[in-house]
Amino acid sequence: MIAQRTDFIMNTPVEQTVIGPRADTIAAQAATLLHQLERALTFFQPTSDIWKLNHSEGNAVKIQKETATILRAALHYSKLSASAFDITAAPLTDLWRQHGKQQQIPTEDEIKHCLSLVGAHYLTVTDSTAALDQQGCAVDLGGIAKGLAADACIDFYRTQGVHSAYVNLGGNVKALGGKSPTEPWSVGLQHPTQPRGTSFAALSITDESVVTSGSYERFTTVDGHRYHHIIDPRTGWPADSGLLSVTVVCENSMQADALSTAAFVLGLADAQHLLQSQPTQAVFVTDNGDVYITEGLRSRFQLAPDYNHDCYLLH
Ligand code: ADP
Ligand code: MG
């Protein structure tokens, strides 16, 4: 039996494919699980641990164990990426989001003020509490939560005895097993300048996650210039590192999610350096459309026949 369902969770379409007995029920239960995770982690609703933390005015708040785990993981990736990935960039991401809604960009003074509130040292996490040092500081898990959710979903399938499944949270993919015992899953990589659903390449995966961060994902246009949603926490501006997108491939989806955001901020050379230190493979698309893939993807990456740009192998 194959169950396929789509829900809108974490501000994105979530597509599940589950193969095996009771697939419908299992997919429905996974959707419930993802809704629960969203409620615990969202920036936008008072239901969440994150909301309570962001509105705690410097006091420690009680958090669930899962929230502590993701906050700690986020701090780890922040350190690893020299703060290119930084959940405490929330004052900035929120500033840009609010202005974006009005088709405006913030002033330099507003950016400077928010920059002074950004830094992993402002956040303290224990097993059951979290605290932010200063009023105005905040955290935003938008760059890592979908990865955690994909991991949780696949773990759940496994506990239900599923051997073959696939979940896609708006470009954040994770597979359990292959499509069949002899066939991998095929993941289309979103073309950075073509309409949603158009792939520029396909990648075969088994028991792995594939996560893409791209400037095309969410953006606002002001005076003919595009401002996208991935912010460089070091400058306070949307990252401008010469990349249109970065796809990270590894087993752990939370890791792939955090590192794809970090890599997008860092740009090709620094990102390659960071990713080499981790058990990951990657696909980069630079501003001119050229593609760079790491050696480990060589045999399972296929460029679309009509994608007319160069493709290079990274060593
Ligand atoms: P997407 O949401 O498109 O899948 P990402 O995983 O790259 O893409 O996450 C982007 C989201 O993460 C933004 O919408 C914002 O909430 C948050 N964010 C933006 N810049 C950063 C950053 N440098 N570090 C951590 N989180 C970020
Ligand atoms: Mg991410």
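1. The lining of the second largest pocket divides into 8 nonpolar, 12 polar and 4 charged residues. This pocket belongs to a predicted model, and its volume is about 540 Å³. Of its 24 lining residues, N168, G170, G171, Q190 and R196 are the closest to the centre.

2. Elements giving two or more residues to the lining of the second largest pocket are β2 (12–19), β6 (164–169), β8 (185–190) and β10. The most comes from β8, with 4 residues.

3. The largest pocket has a volume of about 1,200 Å³. Its lining counts 49 residues, and R97, D140, G142, R218 and H229 lie nearest the centre. By class, 21 of the lining residues are nonpolar, 19 polar and 9 charged.

4. Several helices and strands supply at least two residues each to the lining of the largest pocket, among them α1 (23–41), α6 (145–159), β10 (209–214) and α7 (253–266). Helix α4 gives the most, with 6 residues. Domain 1 (58–132) and domain 2 (165–314) each contribute at least three residues to this lining.

5. The antiparallel pairing of β3 with β5 (residues 129–132) runs over 2 bridges, and V61 stands opposite A130 in β5.

Note on methods. Residues numbered from 1 in each chain as written. Chains lettered and ligands numbered in written order. Predicted model: local features only at pLDDT ≥ 70, side-chain atom pairs only at ≥ 80, totals over all residues. Heavy atoms only, no water. Pairing = 2+ DSSP bridges. 1 Å grid on protein atoms, 1.4 Å probe; cavity = no way out; pocket = protein on both sides within 12 Å on 5 of 7 lines; lining within 4 Å. Points joined across faces, edges and corners; volume = space filled by probe spheres on them. Nonpolar A, V, L, I, M, F, W, Y, C, P; charged D, E, K, R; others polar. Domains from an automatic or database assignment.
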